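Me: I have a new structure to read. Please take me through it feature by feature.

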Amino acid sequence: LKIAILLGTRPEIIKMSPIIRYLDNLKEIKRIKKLSKMAGYDLSSDKSEDNLKNRLQTDGLNYIENLKFNNMDMEYVIIHTNQHYSQNMDKIFFDELNLPKSTYNLKIGSGRHGEQTGSMIVALEKVLVDEKPDVLFIQGDTNTVLAGAITASKMGIKIAHVEAGLRSFDRKMPEEVNRVLTDHVSDFLFAPTGIAKQNLLKEGIDENKIFVVGNTIVDATLQNLKIAKHSSKTYAQDPESKNKEDYFLLTLHRAENTDYFEKLDTIVDNIIEIANNYAKIIFPIHPRTLNKLKQFNLLPKLSNNPKIELIEPVGYLDFLLLESNAKLILTDSGGVQEEACILGVPCLTIRENTERPETVAVGSNIIVGYDYEHWINGLKGMLDYDADGKLGKDDSGCTPCSKKHWENPFGCGHSAETILEIVFSDLMDNNKIIK
Ligand code: UD1
Ligand code: UDP
């Protein structure tokens with residue numbers, strides 16, 4: 001059985017990482033078994049088995065269940081389109097998440113939609129012709145995903161779409177077009193929630209292809225938060241001081257928010273008002289946004305404000321800490337809306353819609369659009385302010401904990417395991433796996 005994993009951007013690397021780590025663990029089990037057999041001793045008494053158990057435990061995986069597939073003749077390749085290529089949008093995640101180097105790097109980089117997606121299709125087809133995988137895994141809604149879906153569907157390669165069925169119902173978003181097209185040619189549709197499944201059923205997609213499995217972002221968050229607390233470099237060096245100061249975390253990168261002067265100018269003004277009146281804002285800037293702020297000459301407005309800390313995009317471990325220590329998150333990111341919900345941090349979404357309505361339903365997220373009044377109402381709806389506009393204090397007079405309690409709708413952190421078991425079992429039924 002040959003699996004191909006396609007990825008290209010920051011969120012795909014993060015959300016695909018639990019699947020890659022599971023596959024890597026399976027490979028490791030096989031390697032250890034082979035070595036112990038060659039050495040002529042029983043694996044159960046081998047110390048390396050303990051090492052392996054520890055390694056699986058770190059990934060939150062169940063050792064026994066893992067062994068279910070440990071006799072499979074399985075190999076996998078990672079294909080990176082390099083849609084993201086800057087060190088802090090790409091390599092840092094491979095390093096921090098302990099992922100094997102990509103088998104292929106298509107080196108596509110940035111470009112207009114047609115140019116970027118078309119170049120990916122041409123390059124990916126060549127790799128798939130050589131590798132002949134049984135299944136191609138894609139995750140999310142980027143141009144990399146669309147290129148994977150088009151290429152594999154034309155070649156008769158099965159497509160496993162992780163995070164299927166999300167809909168903003170806004171076809172102006174490039175991601176919405178990518179989602180719809182990809183879902184309609186996929187063979188395994190891994191919907192994170194019942195709502196996502198319903199979206200697919202309403203579009204006439206065969207129910208037998210749809211599996212509600214949660215979102216691998218929960219696996220990634222739970223696996224890495226513990227590691228982050230121990231080993232994150234920048235912010236963990238001085239976590240206490242970050243904790244003492246109330247701050248809001250901001251991310252912004254959606255094309256519909258950054259690419260139009262008036263929209264971006266309004267957002268920038270709102271950010272400045274919030275920072276001046278409520279709390280310091282930490283803003284790791286996505287490269288698209290930095291370019292646009294420079295192009296529209298809006299950067300000085302932000303950089304001259306002492307209550308706004310502009311920083312480069314940070315690695316996943318630092319970002320998880322920044323999120324979990326924030327009083328509130330302002331974002332237009334999909335993954336960040338989910339992580340805020342998982343980490344128990346209130347979120348305001350700077351958009352007019354979301355393809356993650358589950359977060360709004362459980363109360364972790366409010367869609368605030370672009371009107372400053374809505375931002376303030378959202379802020380006050382989420383956090384407790386006193387009459388002076390200061391964050392309230394709890395009974396012991398400590399810095400208030402703004403964290404609210406809600407149920408995480410995205411699963412319990414075993415999505416990668418479930419996804420792979422479904423794919424393996426299906427291919428086993430088709431006698432593709434040598435036992
Ligand atoms: C892409 C996805 C978006 C996803 C986001 C995750 C599409 C259509 N968009 O948006 O769905 O939410 O990734 O972050 O697939 N750039 C760099 N370095 C990089 C990457 C990009 O400097 O490593 C700059 C380039 O100027 C580039 C711009 O950012 O033109 C936009 O990059 P692109 O990959 O086209 O779209 P994103 O906005 O990153
Ligand atoms: N993220 C990160 N560093 C940052 C900003 C975000 O590691 O400086 C992570 C974040 O934890 C989340 C993912 O990037 O898992 C979200 O990616 P992005 O917002 O770029 O894309 P989207 O989810 O909107 O597609």
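**Ligand 2**

Me: Where should I look for a backbone contact to a nitrogen atom of ligand 2?

Reply: Go to Val-314. One of its backbone N or O atoms lies 2.7 Å from a nitrogen atom of ligand 2. Keep in mind that this is a predicted model.

Me: Which residues have backbone atoms that approach an oxygen atom of ligand 2?

Reply: Look at Gly-334 and Gly-335. A polar backbone atom of Gly-334 is 2.9 Å from an oxygen atom of ligand 2. For Gly-335, a backbone N or O atom lies 2.8 Å from an oxygen atom of ligand 2.

Me: How much of ligand 2 does the protein bury?

Reply: Start from the ligand by itself. Taken alone, ligand 2 exposes 540 Å². The protein buries 95% of that.

Me: Which elements give two or more residues to the shell around ligand 2?

Reply: They are helix H1 (10-39), helix H15 (316-325) and helix H16 (334-343).

Me: How many residues surround ligand 2, and which are closest?

Reply: There are 17 residues around ligand 2. The closest are Arg-10, Val-314, Ser-333, Gly-335 and Glu-339. Sorted by class, the shell has 9 nonpolar, 5 polar and 3 charged residues.

Me: Which domains supply the shell around ligand 2?

Reply: Domain 1 (2-215 + 412-429) and domain 2 (229-382) each give at least three residues to the shell of ligand 2.

**Ligand 1**

Me: Now ligand 1. Which residues come nearest?

Reply: The shell counts 20 residues. His-84, Tyr-85, Ser-86, Glu-175 and Arg-288 come nearest.

Me: How much of ligand 1 does the protein bury?

Reply: Ligand 1 taken alone exposes 750 Å², and the protein buries 87% of that.

Me: Which element gives the most to the shell around ligand 1?

Reply: H13 does, with 3 residues. Helix H5 (113-131) and helix H13 (287-295) each supply at least two. By class, the shell has 4 nonpolar, 12 polar and 4 charged residues. Domain 1 (2-215 + 412-429) and domain 2 (229-382) each contribute at least three residues.

**The sheets**

Me: How do strands of a sheet pair?

Reply: Strands pair through backbone hydrogen bonds, either parallel or antiparallel. Here, an open sheet of 7 strands has parallel pairing, in the order S3-S2-S1-S4-S5-S6-S7.

Me: Which are the edge strands of that sheet?

Reply: Strand S3 (104-105) and strand S7 (210-212) are the edges, and each pairs on one side only.

Me: What is the strand order of the 6-stranded sheet?

Reply: This open sheet runs S10-S9-S8-S11-S12-S13, with parallel pairing. Its edge strands are strand S10 (308-311) and strand S13 (365-367). On average, neighbouring strands of this sheet are turned by 20° against each other, direction ignored.

Me: How many bridges join S8 to S9?

Reply: There are 3, between strand S8 (residues 247-251) and strand S9 (residues 280-284), which run parallel. Find Tyr-247: its bridge partner in S9 is Lys-280.

Key: Residues are numbered from 1 along each chain as its sequence is written. Chains are lettered from A and ligands numbered from 1 in the order in which they are written. This is a predicted model: local features need pLDDT of at least 70, side-chain atom pairs count only at pLDDT 80 or more; totals for chains, interfaces and linings use all residues. Side-chain values use heavy atoms; hydrogens and water are left out. A residue is near a molecule or strand if one of its heavy atoms lies within 4 Å of it. A polar contact is a pair of N or O atoms within 3.5 Å; within protein, one must be able to donate a hydrogen and the other to accept it, and residues adjacent in sequence count only if both atoms are side-chain atoms. Accessible areas come from the Shrake-Rupley method with a 1.4 Å probe; for residues, only the protein chains shown count as cover. Helices (H or I, at least four residues) and strands (E, at least two) are DSSP runs, numbered from the N terminus. Ala, Val, Leu, Ile, Met, Phe, Trp, Tyr, Cys and Pro count as nonpolar, Asp, Glu, Lys and Arg as charged, and the others, Gly among them, as polar. Domain bounds come from an automatic or database domain assignment. Two strands pair if DSSP finds at least two bridges between them. Axes are lines fitted to C-alpha atoms, for helices over the stretch in contact, and angles run from 0 to 180 degrees between N-to-C directions.
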